[in-house]
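Please go through the briefing below with the model open beside it. It takes up packing, aromatic pairs, charged contacts and surface in turn.

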Amino acid sequence: MRKSKEAAAESRSRIVDAAARMLRGRGMEGTSVADLMHAAGMTHGGFYKHFGSKDELADLAARAAFQEIVARFDERARREGVEAARKAYFAEYLSAAHLEHPEFGCPVAAFGADAGRRPDALAAAFADGVEMLIERIAANSAPGQRADAIRTLATMVGAVVVARAVGSGALRDEILAACSSE
């Protein structure tokens, strides 16, 4: 029996959501179609009913991951104001929870290196996503502060990547603390 368009759209959305988490947690090379479909509660064979390629899904998953972060920022800005949203974003970004759960965190820190290696699949999604993050970091700033927002984002991404790489311990904590004071 054929699925309705609504059921097919729901299945596609479930796959994209699973891919957004898995790509952040495992990277491109660590995410197989079979594992991804299993995580979405579906069989491997159904993948190509929804997507033309793994690269197509990677683009959609990266966009979904960025949109998740931006939506959380925007909701907090609506409720508490832009400055409170920015401070909360910085605190969450440079936290042990973000380090320990990349599957729920920033795609730049999680699989940005993969994006650089797979520009045909990910460059456009990453460019759009990074632009959205820069806009939020720079929101309500004086004109010409875009460079500061870019520097802040790059510092936070670098801090998370380096802190993850050194493992738990005093050095990791020192890296987070040093970059939190930026």
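What follows is a short account of the structure, with the cut-off for each term given where the term comes in.

This is a predicted model, in which local features need pLDDT of at least 70 and side-chain atom pairs count only at pLDDT 80 or more, while totals for chains, interfaces and linings use all residues. Residues are numbered from 1 along each chain as its sequence is written, and side-chain values use heavy atoms, with hydrogens and water left out. Helices are DSSP runs of H or I with at least four residues, numbered from the N terminus. Buried means under 20% relative accessible area, exposed over 50% and partly exposed in between, with a 1.4 Å probe and protein chains only.

- Leaving aside neighbours within four places in sequence, Leu122 is in contact (heavy atoms within 4.5 Å) with Met28, Ala58, Asp59, Ala62, Phe111, Asp114 and Ala115.

- The buried residues in α8 are Ala121, Leu122, Ala125, Phe126, Gly129, Leu133, Ile134, Arg136, Ile137 and Ala138, and their cover includes α4, α5, α7 and α9.
- Arg136, which is found in helix α8, counts as buried because its relative accessibility is 18%.
- Beyond its neighbours within four places in sequence, Arg136 is in contact with Val70, Phe73, Asp74 and Arg86.
- Asn140 follows α8 and has a positive phi, near 65 degrees.

**Aromatic pairs**

- The structure holds 7 aromatic pairs, where rings of Phe, Tyr and Trp (its six-membered ring) pair if their centres lie within 6.5 Å, and planes under 30 degrees apart count as stacked, over 60 as edge-to-face and the rest as tilted.
- One of these joins Phe47 and Tyr48 edge-to-face, at 4.8 Å centre to centre and with 85 degrees between the planes; Phe47 is buried, with a relative accessible area of 0%, whereas Tyr48 is exposed, at 54%.
- Phe111 and Phe126 also form an edge-to-face pair, 5.3 Å centre to centre and with 85 degrees between the planes, and this pair links distant parts of the chain, with Phe111 in helix α7 (residues 107-117) and Phe126 in helix α8 (residues 119-138), 15 residues apart.
- Both Phe111 and Phe126 are buried.
- A cluster of Phe73, Tyr89, Phe90 and Tyr93 is linked by ring pairs.

**Salt bridges and charged residues**

- With a salt bridge taken as a side-chain nitrogen of Lys or Arg within 4 Å of a carboxyl oxygen of Asp or Glu, the count comes to 21.
- Glu10 and Arg14 form a salt bridge with their closest N and O atoms 2.6 Å apart, and both lie in helix α1, 4 residues apart, about one turn of the helix.
- Glu10 is partly exposed, at 43% relative accessibility, and Arg14 is partly exposed too, at 31%.
- In the salt bridge of Glu100 with Arg172, the closest N and O atoms are 3.2 Å apart; Glu100 lies in helix α6 (residues 96-100) and Arg172 in helix α10, so the pair ties together parts that are 72 residues apart in sequence.
- Glu100 counts as partly exposed at 47% relative accessibility, while Arg172 is buried at 12%.
- Asp114 and Arg117, which both lie in helix α7, 3 residues apart, meet in a salt bridge of 3.2 Å, N to O; Asp114 is buried at 14% relative accessibility, whereas Arg117 is exposed at 61%.
- Salt bridges link Glu75, Arg78, Arg79 and Glu80 in a network.

**Surface patch**

- Val162, Val166 and Leu171 make a nonpolar surface patch of about 230 Å², with areas from the Shrake-Rupley method and a 1.4 Å probe, for which only the protein chains shown count as cover for residues.
- Patches are made of residues with over 30% relative accessible area and no salt bridge, like charges being joined within 9 Å and nonpolar side chains (Val, Leu, Ile, Met, Phe, Trp, Tyr) within 5 Å.
- Leu171 is found in helix α10 (residues 170-180) and counts as partly exposed at 47% relative accessibility.

How values were computed. Helix = DSSP H or I, 4+ residues; strand = E, 2+ residues; numbered from the N terminus.
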